[in-house]
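User: Please go through the strand order and some ring contacts of the structure shown here.

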Amino acid sequence: MAKKPNFLFFITDQHRADHLGCYGNPVVRTPHIDSLAGRGLTFDEFYVSCPICMPNRATILTGRTPSANGARQNGIPLSVDAVTFVDLLRAAGYSTGLIGKAHFQNISKLDASLEAPARPGISAALAPIPQEPDPDRPRPTHGVGDEAPGRSDSLWNATREWRTGPRYDLEWTGQWQKNPDYRVPTPYYGFEHVEIANGHGDWVGGDYAVWRARQDPDIARKVGPPNGLDRAGVTAPQAWRTAVPEELWSSTWIADRTIDWLEKRAGSDDPFFLFCSFPDPHNPFCPPGKYWDMYDPADIPLPASHGHANRDEPRYLRTLRAHAAEGRKHDDFMWGFLAGEQHTREILALTYGLISCLDDQVGRILARLRELGLDDDTVVVFTSDHGDFMGDHGLMLKQGLHYQGVIRVPFIWADPAGTGDSRTDVTGGSIDIAQTVLKRAEIDPCAGMQGFDIVGAAATGRPPERAGLTIEEDCPAIHIDMDFGLRTWTLIHDGWRLTRFLGEETGELFDRNTDPHEMNNLWSDPAARAKLQDMTDRMLAERMRLTDTAMLSPFMA
């Protein structure tokens, strides 16, 4: 019986599709990732199920929407009872490994009380010891439209299941602070081998942080803005010149550990699946060493839509613009903010540095894969968990708004058994990854998986049988002037995007076939009324198709 294919699955964090050379970026240098496109199948229309880390990573593992798998927001872990496609691979004899960022459970903790305030700004996110909460931060609610409940008994919630406690603290950074020899118990969502690097910038925790501290006992004095080097005039928010050297950077460690894991697999008769997950190029913007000034901000073009405001902009964006006009910036945390021309150029240059840094590590891994003779039977996949506004319409980061930069990510499938250097316009998404991998491995999916084999669809020319591809985002009410939270639904179909916002009478309708930078919102255009109705009907049809089918009735009647 022929050996099943291996899989080397690269995933980056907050990395939009057009920030790669193979996706048309004329500035950023990504030769090693581009080489995958040169020998693989590149999807030009690939979208996340949710443009937030935890929900989309849960979708990748389960092949189920966030509303179906339950991880609707950052802070809601994937249920330990979930069946992942990695579970199915492992059950079929695969060796399974995860090296780098997981983020299937919470990395940090708030106060245990239900009334805990939201996490403070970026300085607290980088600190190894939690700081006192900022009383001026907005307070989260416990569901869109609901304030914190007045009752404290176990019946205030619709379910008795709480995804808290020891089973859901397995990625908490404090585990390694309490015990440097701590390792995530396995199997972990199907992974037999797990080495964690959770976090961003130069403060990344887990197994990586323990290793880094052992290499340099003085590392704490080199982490974060207070310990940064001369920034050479860079003034962008969340940007500093880290004192952590390249050889101790998280991407370098991930490549080292990936290579070590691959070396142990060489010569084995068992197929493998390795999830190689880089925390970069997610903010903060602090590439190490030579990557800090690899790109000159003066050479970076602004996005075409940078100074543009659309008709019928949603309330959240209107509020951001109004606050910016008053001098209120909101640029110290993980949600979207507005950036001027110079800061946009600086952030783009630093982000490109982070991307080139991880590209070099991808190159090291691919070279060792070839040297070990594993490339002939290993499918290499490259994608990201979501994108970033990166200056589109003047915005940075993510949350609540579905411009292309934040919802469209790369997806490259380099299969030694497939045709190389080809592209497809088949619309696919994170929800399809599970089914696509399982199909290639000739393993049946589990009940409730909602995606399709999109590589097969590209090969046959028959697109998946769905009314469109849906994106759902459900953020708690910790954003400015948004007491009911941010609930955003999007449908992608045939080059068009329809987006609806909870609590708003208007929405967004863009024809990216003629308006690639989304600068002409057709929501209120009488000439587009029929298209708006068609897209709305499609959204309803697809939401009906995505009704959860995981719980099958044992009875015929």
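Analyst: This is a predicted model, in which local features need pLDDT of at least 70, side-chain atom pairs count only at pLDDT 80 or more, and totals for chains, interfaces and linings use all residues. Residues are numbered from 1 along each chain as its sequence is written, and side-chain values use heavy atoms, without hydrogens and water.

User: Which are the edge strands of the open sheet of eight strands?

Analyst: Strands are DSSP runs of E with at least two residues, numbered from the N terminus, and two of them pair if DSSP finds at least two bridges between them. The sheet has mixed pairing and the order β5-β4-β8-β1-β10-β12-β2-β13. Pairing on one side only marks the edge strands, β5 (193-196) and β13 (422-424).

User: Which residue in β12 is the bridge partner of Leu41?

Analyst: Strand β2 (residues 41-43) pairs with strand β12 (residues 411-414) in the antiparallel sense, over two bridges. In β12, the partner of Leu41 is Trp413.

User: Are the rings of Phe9 and Phe273 stacked, edge-to-face or tilted?

Analyst: Rings of Phe, Tyr and Trp (its six-membered ring) pair if their centres lie within 6.5 Å; planes under 30 degrees apart count as stacked, over 60 as edge-to-face and the rest as tilted. Phe9 in strand β1 and Phe273 in strand β8 are 264 residues apart. Their ring centres are 6.0 Å apart and their planes at 40°, so the pair is tilted.

User: Is Phe273 buried or exposed?

Analyst: Buried means under 20% relative accessible area, exposed over 50%, and partly exposed in between (1.4 Å probe, protein chains only). Phe273 has a relative accessible area of 0%, so this residue is buried.

Key: Helices (H or I, at least four residues) and strands (E, at least two) are DSSP runs, numbered from the N terminus.
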